Amino acid sequence: MKIGFIGLGIMGESMCENIVKKHDDTVYCFDFLPAKVKLLASKGAVACQNSVELAQKSDVIISMVPKSEHSMSVYKEILPVLGPGKTCIDMSTIDPSVSVQISEMVKATGAQFMDAPVVKSKPAAIAGTLGIYMGGDEATCEAMRPILAYMGENIIRMGGNGKGLVMKICHNALATQIQNGVNETLSLAQLQGISVADYATAISYGGAQNFYLDGQWQKLQDEDYSTAFSMANAAKDVGICMNLAKECGFAMPGQANVQKVYEKGMDSGMGSEDWRATFKIVRGH
């Protein structure tokens, strides 16, 4: 079974590398940045000139691109070479409604389609320990599970097409609200003379302990905002959540407050910094 991987960004690069290391057949790769393709080719992947060439040669086509419009563009481009016997897995974090549109478009050719967005960040992508949420028919999801297992260790099917993305958006919304709670309460503690380290230790003793603070407090203390997951990407996910809530007619005041923080960060030119840089916004300097 030949696999093709489109999109070799911060996450996609390591995800593709894990497939190359673990799969016993050809792995093709493509990205608009030639240097990214060259890097993966040096690790054993076979470079393609474009997405169409990759889709023609691959039995399974995986995409990991930034936004809804990018996913739609990829699948419109490769649509003429899709058909029975091919399976497409979009691992991008995009609007669930757009993913459903893509699934209908792809499945009309006779090919299969599923969404499989990931959680956790670059270190987990390198280690192959991502969490993966599958959306698609059960047969397709189970057939593709061994391939997804090259990249992640916790893999769960959430329902039909688009439902993996719904879960990813809910996950990230909760993470950003936890983050905002940390930002606010840590800022208040600091104003009262409590250090970041003491705050983190004290939180770990009680019911407010959380994965975000456990993993980020040292970098917050060091004012280290080097990027593993960018503020721009987090802001995109916050926006998708608010759009989804609007589609459902559901109010999310907590997430709306988070959105204001991220909008301020983006307006301040902080989009390329790590998402934990929202701490600077909440803190006020």
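Me: Is Y75 buried or exposed?
Reply: In this predicted model, Y75 is buried, with a relative accessible area of 0%. Buried means under 20% relative accessible area, exposed over 50% and partly exposed in between, with a 1.4 Å probe and protein chains only.

Me: And how many aromatic pairs are there?
Reply: The count comes to four aromatic pairs. Rings of Phe, Tyr and Trp (its six-membered ring) pair if their centres lie within 6.5 Å; planes under 30 degrees apart count as stacked, over 60 as edge-to-face and the rest as tilted.

Me: Which kind of pair do Y75 and F113 form?
Reply: Their pair is edge-to-face, at 5.5 Å centre to centre with 85° between the planes. Because Y75 lies in helix α4 (residues 68-78) and F113 in strand β6 (residues 112-115), the pair ties together parts 38 residues apart in sequence. Helices (H or I, at least four residues) and strands (E, at least two) are DSSP runs, numbered from the N terminus.

Me: What about F113, buried or exposed?
Reply: F113 is buried, with a relative accessible area of 0%.

Me: Changing topic: how are F229 and W275 arranged?
Reply: Their ring centres are 5.5 Å apart and their planes at 75°, so the pair is edge-to-face. F229 is partly exposed at 23% relative accessibility, whereas W275 is buried at 13%.

Me: Which residues make up their aromatic cluster?
Reply: Y212, F229 and W275 form one aromatic cluster.

Me: What are the ground rules for numbering and confidence?
Reply: Residues are numbered from 1 along each chain as its sequence is written, and side-chain values use heavy atoms, leaving out hydrogens and water. Local features need pLDDT of at least 70 and side-chain atom pairs count only at pLDDT 80 or more, while totals for chains, interfaces and linings use all residues.
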